[in-house]
Amino acid sequence: MITPDASPMTLDLSTIQRMVDGLWIWQAKSNTFTDYSKCPSLLTSADTIETAYQKYHPADVRPIRKAIEALLKGEEDFFSIECRLKNADNQFIWIQQYLTVHQRDDAGCPTIIVGVWADLSDLKN
C-alpha cells in the first residue's frame, strides 16, 4: 500500500491499477523498480534507471532523461510525456506516462518515484 506522509488516507494499489495500464514504483536510492502493471511487464525489478532508458525508443530517451534529472534535482515534482516503450514482445508501443515524486528524504532528495502509464497504441495506429 502507498501511504502518503501528508495524509491519513491509505491508498490501495489495486485502486490505481484499475485506472491505468501500468504502474511502477522506483526506489531511487537503491535504484530498483517494482512493477504492478496489468500487462506483461515492461519494467521489472531487475531494471535500474539506466536499463529502463534502454527500453524507450531512442528518439524519446533524451526528453525522458531530462525530466528524470529534473525530478532528482528537485526542480520538478511531476511530469507527463507521450513516448514509446518496448513491450514484452520487444515491440514499441505508444504510452502516456506520468511520473511523480512520492517521497523525499530530509535533504530533499527523492526516495520514491511513482510512475503510471496508459497504452495509446490504438489511438496512434
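Three aromatic pairs turn up in this structure, where rings of Phe, Tyr and Trp (its six-membered ring) pair if their centres lie within 6.5 Å. Keep in mind that this is a predicted model, where local features need pLDDT of at least 70, side-chain atom pairs count only at pLDDT 80 or more, and totals for chains, interfaces and linings use all residues. Residues are numbered from 1 along each chain as its sequence is written, and side-chain values use heavy atoms, with hydrogens and water left out.

**Aromatic rings**

- A pair of aromatic rings is described by the distance of the centres and the angle of the planes.
- Planes under 30 degrees apart count as stacked, over 60 as edge-to-face and the rest as tilted.
- Trp26 and Phe33 are a stacked pair, because their ring centres sit 6.0 Å apart and their planes meet at 15°.
- Trp26 and Phe33 are both buried, and buried means under 20% relative accessible area, with exposed over 50% and partly exposed in between (1.4 Å probe, protein chains only).
- Phe78 and Tyr98 are stacked too, at 6.3 Å centre to centre and with 25° between the planes.
- Phe78 belongs to strand S3 and Tyr98 to strand S4, so this pair ties together parts 20 residues apart in sequence.
- Phe78 is partly exposed at 45% relative accessibility, and Tyr98 is also partly exposed, at 35%.
- Ring pairs also join Trp24, Trp26 and Phe33 into a cluster.

**The overall layout**

- Four helices and five strands make up the list of elements; these are DSSP runs numbered from the N terminus (helices: H or I, at least four residues; strands: E, at least two).
- Read from the N terminus, the order is α-β-β-α-α-β-β-β-α.
- Of the 125 residues in the protein, 38% are buried.
- The protein exposes about 7,200 Å², and carbon and sulfur atoms supply 51% of that; the areas come from the Shrake-Rupley method with a 1.4 Å probe, and for residues only the protein chains shown count as cover.
- Among contacts (heavy atoms within 4.5 Å) with a separation of 6 or more, 40% come from residues 24 or more positions apart.

**Nonpolar cores**

- A nonpolar core is a set of buried Ala, Val, Leu, Ile, Met, Phe, Trp, Tyr and Cys residues joined through side-chain atoms within 4.5 Å.
- The largest one has 24 residues, and those with the most contacts inside it are Trp26, Ile64, Ile68, Leu71, Phe79 and Leu99.
- Leaving aside residues up to four places away in sequence, Leu99 touches Trp24, Ile68, Leu71, Asp77, Phe78, Phe79, Ile113, Val114 and Gly115.
- Another core, of five residues, lies apart from the largest one and includes Leu23, Ile112, Val114 and Val116.

**Strands side by side**

- Two strands pair if DSSP finds at least two bridges between them.
- S5 is largely enclosed by the rest of the structure, because eight of its 10 residues are buried.
- S1 and S5 run antiparallel and pair over six bridges, with Val114 in S5 as the bridge partner of Ile25.
- S4 and S5 are antiparallel as well, joined by nine bridges, and Val101 has Ile113 in S5 as its bridge partner.
- The hairpin of S4 and S5 has five residues between the strands, and Gly108 takes a positive phi near 90° there.

**Salt bridges**

- There are four salt bridges here, each a side-chain nitrogen of Lys or Arg within 4 Å of a carboxyl oxygen of Asp or Glu.
- In one of them, Glu50 meets Arg65, with the closest N and O atoms 3.5 Å apart.
- Glu50 in helix H2 and Arg65 in helix H3 are 15 residues apart, so to speak distant parts of the chain that the pair links.
- Arg84 and Asp60 join their side chains at 3.0 Å, N to O.
- Arg84 lies in strand S3 and Asp60 in helix H3, so the pair ties together parts 24 residues apart in sequence.
- Both Arg84 and Asp60 are buried.
- Arg104 and Asp77 form a salt bridge at 2.6 Å, N to O.
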